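Hi there,

Here is the structure I promised to pass on to you. Have a look at it first, and then read on for what turned up.

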Amino acid sequence: MPNDPIPTPDPEDLADDPLTKRNDSIFARRELLRIGHVPDSDRIVGRDAEIKDIEELLQPGVFGDPPGNAIVYGKTGSGKSLVSRHVTGRVRAIAQTNDVSLISAYIDCDQANTITRVARSLSQQAEFQSTRSLNIPDKGIGSSEYMDYLYTLLDDADVLIAIIDEIDKLGDDEILFKLSRAEESGKTDCYIGVVAISNKIEYYENLDERVKSSFQDDELVFHPYDAGQIREILSKRRDAFQPDVLEDGVIPRVAALAAREHGDARKAIEILSSAGKLAARNGDSSVTEEHVDAAQDYAEMSRFQELIRGSTPHSKYVLFALAYLQKSSLKQAFSTGEIYRVYEDVCKSEGTNPLSHQRVLELLKEWAFSDVTENRHTGGGKSEGSYREHSLLRDSDMVLDTVFEQPKTKQSIVSDLQSS
């Protein structure tokens, strides 16, 4: 019998342990500040039209009829996931009262970032909601086998609604093809509706024509929240804190910071939560604007670093090239051609083949969509004509340090660039 890897002490020996002392001086209901928390209808702000659009799309499932499909676009923190999950939960609850067997599933492709992981999550969530027990394995089989498990479970269901969040992280559209063709190919008689969520507005343009034909989707766009809406969102979660803990200027300050960052409600909630944690850690009796500013600085750095770390290698190389140019030049903006030449040298230093000039331009546009860079068309005069130039919106040193986290790797590449 192996030793317990986490030994458990006798509870009687822990009477004075600091873990037994619950700190309720700042927080009352922490769950209201969790990013994955789906609030009640009266806590959802500024998304009435979007809720109605998703309701119209999914309502047929309440009666056992085919729900629609949609691709939902919008920047991070614009309420896409929240609204989709909120409406789907209501649809599933009402379907149960109508004796309709409706299975719902939510997949975050930031975590389940391969077709096999998505298929596994779909099948396991369906099994959890089914009366059948198929003992679906966690590993050892491929996406097709997981999809077969799903189709078997759907034999007992009337409707499946699948929310696939950050679907662009998968890199292909195979899961949409499988789900949209399941009925036509005879895999299942269950009606399937898919809500595919993407931060990239060009996602639909890159879909295979077969998927576009079978998916027959609506395209819905969620616009960023304004400062007033973010303030209301935060006010409706004020009861996450003890009464009179938040100073009057805290919520307006957080709302202003989030509005400046293009209406990211998720970020606003993170900052408010972090400010509360800072106050609790310091033993302070209230949450102040100073706590907010400290939380904002930390959140901005960590979020940006996570964004870079989660990117593909060539996306990093392109960003590194732009940051290197900006740090080593008196200019602030550079043409795609200038960036491409440095990017080629980075690829050479890393021992990999460069992508095409057009693909690098697309990667730069993706960084602009994430507000890491910005670009514009400019006239270069008769000799150069019109071209697109790019500039970095973040600190170049932070980019250079984050793209290659090993200092030796960064120093080696910079050395290669300087000698080229």
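Asn135 sits in the loop that links helix H3 (115-128) to helix H4 (143-154). Please keep in mind that this is a predicted model.

Asp244 is found between helix H7 (227-235) and helix H8 (250-260). Asp244 is a residue other than glycine, and its phi is positive, near 65°. Is Asp244 buried or exposed? With a relative accessible area of 78%, Asp244 is exposed.

Now to the inside of the protein. The largest nonpolar core has 36 residues, and the members that touch the most others are Leu122, Ile175 and Leu179. At least two residues of this core come from each of these elements: strand E1 (70-74), strand E2 (102-108), H3, H4, strand E3 (159-165), helix H5 (174-180) and strand E4 (191-198). Which of them gives the largest share of this core? That is H4, with six residues. As background, nonpolar side chains tend to be buried together in soluble globular proteins.

Which residues is Leu179 in contact with, once its neighbours within four places in sequence are left aside? They are Leu122, Met147, Leu150, Ile164, Ile192 and Val194.

Finally, some figures for the whole protein:

- The secondary structure consists of 15 helices and eight strands.
- Of the 420 residues, 45% are buried.
- Among contacts with a separation of 6 or more, 72% are between residues 24 or more positions apart.
- The C-alpha atoms fill a box of roughly 70 × 60 × 55 Å along the principal axes.
- The accessible surface is about 21900 Å², and carbon and sulfur atoms account for 46% of that surface.

Best wishes

Key: Residues numbered from 1 in each chain as written. Predicted model: local features only at pLDDT ≥ 70, side-chain atom pairs only at ≥ 80, totals over all residues. Heavy atoms only, no water. Helix = DSSP H or I, 4+ residues; strand = E, 2+ residues; numbered from the N terminus. Buried < 20%, exposed > 50% of the residue type's maximum accessible area, 1.4 Å probe, protein only. Contact = heavy atoms within 4.5 Å. Areas by Shrake-Rupley, 256 points an atom, 1.4 Å probe, with all protein chains shown as cover. Core = buried A, V, L, I, M, F, W, Y, C linked by side-chain atoms within 4.5 Å.
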